[in-house]
Amino acid sequence: MTDRFNLYRFASPATFYPLAGRMIPWFIAASIAFGLAGLWLGMLVAPTDFQQGEGYRIIFIHVPASWMSMFIYLVMAFWAAIGLAFNTRLSGMMAQALAPTGALMAFLSLWTGALWGKPMWGTWWVWDARLTSELILLFLYIGYMALTAAIDDVRRADKAGGLLLLVGVVNIPIIYFSVQWWNTLHQGSSVNLTKSSMAVTMLWGMLLMALCFWMYSIAVALARARTIMLERERHTDWVKAELAGEQK
Amino acid sequence: MIYWNSFGDFIAMGGYGLYVWGSFGVTALIMAVEPILVARHRKSTIARLRRQLRADARVENRSTEQ
């Protein structure tokens, strides 16, 4: 019974707001620490790739950005499902807070992919399954943001946006398995649970960079969520107290 | 421990410098600008909400005086 009570407590913006505020500096610090370690390993220590030369080092941001672009979408879809099922206030705010960061990650995935594709494949872009489905993911993020911004009523915006997110979630397994399902220019996954095709320093560099991107996304999304909470809950007593308290 | 022989080698990236640094540069730019935009939006939102709060308080005071 106490567990349930606690869960509900943290689902309330009034409790979540100060908690998020205390956690953000830690996520920033963790992101910087993982980023420095990952860059040091990946850019300074890791040896060259026997097939791709030094050009392979784009992997240290391309893969983390691509993972984040897919994972953030899944988290948004999860919040959308919770919001549609239980009508919770927090879920819409979290989805809203994550969307711009997810869109940026999808953009970075495409951008670094183009810069990687040019020297390795001889082209910036091909309409192949992996690349096209990632582009659709970027459009889904942009579509979600445009749709929710176009609807004045916040509750309705959350509902419409949530439906879009849930319909679009079908795209995530398509991106993930595209390299297995279709013939594609894109290489298969480099990381595998049983055997990895990468050298140990490369693998660690990439995992550390992935953690860096992870912490960064959490910090930015929490910061954005806090602003959205103030905005949406402006008529509540806790926001009025918060605004009065932060007066300098 | 360090793989590179010279700083020049590091910058050249074996001829892939443009592609590697083009990727890292834009990523660094985005990861620097996004938090700044979030912080600025937060500041302006707080300022606007405070103004609204004060305006509401004034309206309330006036209505109680009459």
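How do α3(A) and α4(A) run relative to each other, roughly parallel or roughly antiparallel? Hold that thought for a moment. What we have here is a predicted model, where local features need pLDDT of at least 70, side-chain atom pairs count only at pLDDT 80 or more, and totals for chains, interfaces and linings use all residues. Residues are numbered from 1 along each chain as its sequence is written, and chains are lettered from A and ligands numbered from 1 in the order in which they are written.

Okay, the helices, meaning DSSP runs of H or I with at least four residues, numbered from the N terminus. The axes of α3(A) and α4(A) come within 8 Å and cross at roughly 155°; those axes are lines fitted to C-alpha atoms over the stretch in contact, with angles from 0 to 180 degrees between N-to-C directions. So the pair is roughly antiparallel, the label for angles over 145 degrees. The crossing of α3(A) past α4(A) is left-handed, which is to say the near helix is turned anticlockwise from the far one by less than a right angle. Their contact has 18 nonpolar residues, 11 polar and no charged. Nonpolar here is Ala, Val, Leu, Ile, Met, Phe, Trp, Tyr, Cys and Pro, charged is Asp, Glu, Lys and Arg, and the others, Gly among them, are polar.

Between α3 (59–86) and α4 (89–121) of chain A sits a loop holding Asn87(A). Its phi is near 60°, positive without being a glycine. Asn87(A) counts as exposed because it has 12 C-beta neighbours inside 10 Å, and exposed means 12 or fewer, buried 20 or more, with C-beta atoms placed from the backbone.

Over in chain B, Met13(B) also isn't a glycine and has a positive phi of about 50°. This one is buried, with 21 other C-beta atoms within 10 Å. Its loop lies between α1 (7–12) and α2 (17–65) of chain B.

Now the core, a set of buried Ala, Val, Leu, Ile, Met, Phe, Trp, Tyr and Cys residues joined through C-beta atoms within 7 Å. The largest has 67 residues, and Leu98(A) and Met76(A) are among those touching the most other members. α8(A) gives the most to this core, 19 residues. Leaving out residues up to four places away in sequence, Leu98(A) touches Ile72(A), Val75(A), Met76(A) and Ala221(A), contact being C-beta atoms within 7 Å.

Key:
Helices (H or I, at least four residues) and strands (E, at least two) are DSSP runs, numbered from the N terminus. Two residues are in contact if their C-beta atoms, placed from the backbone, lie within 7 Å. Angles under 35 degrees count as roughly parallel, over 145 as roughly antiparallel, 65 to 115 as roughly perpendicular and the rest as oblique.
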